[in-house]
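Have the viewer open as you read.

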Amino acid sequence: MAESKPKLYCAWFCPFAHRAWISMLAKGVDFDYIEQDPYNKSAEWLAINPRGLIPVIRHNNKLIYESHVCIEYIDEAWPNEPRLLPKDPYQRAKARIWGDFVSKKLIPPYYRFLLKQSPEVQNEAKEQFLANVLEFTQAMDQPGPFFQGKELGYVDIMFAPWAYRIYILEHYRGFKIPETDEYRRYHVWAEAVKNHPSVKPVQQDKDRVLADAKPYAEGNAKSELADAVRKGSTIP
């Protein structure tokens, strides 16, 4: 029985959803892109994902969600090259370890820095983010250019949507990753990711992205993500 053409429910502005979008493109999957507003908690949408979040993949009448799970599913459901997760068990475990690092150590301080209004809290989040970016950088394969070698993979995709939108922090917080020797490897990685043929089509107009990020920068964003950052709870 022929497999049905997969559908990706995504949103142009959502970096979490971009993970699945990049993965589909990297694997060369023939899929239908469906723009979905995750703030529209209609009964029809909640029937697809009870959490009301994106991304969601519909494949053979089955539904897959959670962005990191989507990356793995895409890699396994279409096992052709390139592989997003390494074949070697240790390297695959390493990818998951550093993917978890992205989720727990990079994304939360990024959003605290952007969302919080107190200069003291912003500075604390900035320093934490920089320290964790450096730790992430020091774990990269040499010479790369990607996290685990010559090919775009799982760890790269986990952080890529924030790396190519770092200009949000520059615009609203005057922040840049330092152009110093210790961060040089990071900049090599970021350029390789930003210019990868599976990543470039996903990037959106900067003015549009900055306008979408403005409520976060002003501290009045209304989303599950913003609420989690305010409470210091796990990011959904």
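At roughly what angle do the axes of helix 1 and helix 3 cross? Keep in mind that this is a predicted model. The two axes cross at roughly 10° and come within 8 Å of each other. That makes helix 1 roughly parallel to helix 3, because angles under 35 degrees count that way. On the helix 1 side, the contact is made by F16, R19, A20, S23, M24 and K27. Helix 3 answers with S67, C70, I71, I74 and D75.

Now for helix 4 and helix 5. These two pack at an angle of about 155°, and their axes are 8 Å apart. With over 145 degrees as the cut-off, helix 4 is therefore roughly antiparallel to helix 5. Their crossing is left-handed. Helix 4 brings W98, F101, V102, K105, L106, P109, Y110, R112 and F113 to the contact. Across from them in helix 5 sit Q122, A125, K126, Q128, F129, N132, V133, E135 and F136.

Here are the two pairs in one place:

| Helix pair | Angle | Axes |
|---|---|---|
| Helix 1 and helix 3 | roughly 10° | within 8 Å |
| Helix 4 and helix 5 | about 155° | 8 Å apart |

How many of the residues of helix 6 are buried? The count is 10 of the 10 in residues 154-163, so helix 6 is largely enclosed by the rest of the structure.

On to the cysteines: how many disulfides does the structure hold? The number is 0. C10 counts as buried, at 0% relative accessibility. C14 is buried too, with a relative accessible area of 10%.

Finally, the annotation. An unreviewed UniProt entry places the feature "domain: GST N-terminal" at residues 4-82. In this model, that span is 38% helix and 20% strand. The C-alpha atoms at its ends lie 22 Å apart.

Note on methods. Residues numbered from 1 in each chain as written. Predicted model: local features only at pLDDT ≥ 70, side-chain atom pairs only at ≥ 80, totals over all residues. Heavy atoms only, no water. Disulfide = S-S within 2.5 Å. Buried < 20%, exposed > 50% of the residue type's maximum accessible area, 1.4 Å probe, protein only. UniProt positions renumbered as here; feature names shortened; annotations may be inferred. Helix = DSSP H or I, 4+ residues; strand = E, 2+ residues; numbered from the N terminus. Axes fitted to C-alpha atoms, helices over the stretch in contact; angles between N-to-C directions. Parallel < 35°, antiparallel > 145°, perpendicular 65-115°, else oblique. Left-handed = near helix turned anticlockwise from the far one by under 90°. Contact = heavy atoms within 4.5 Å.
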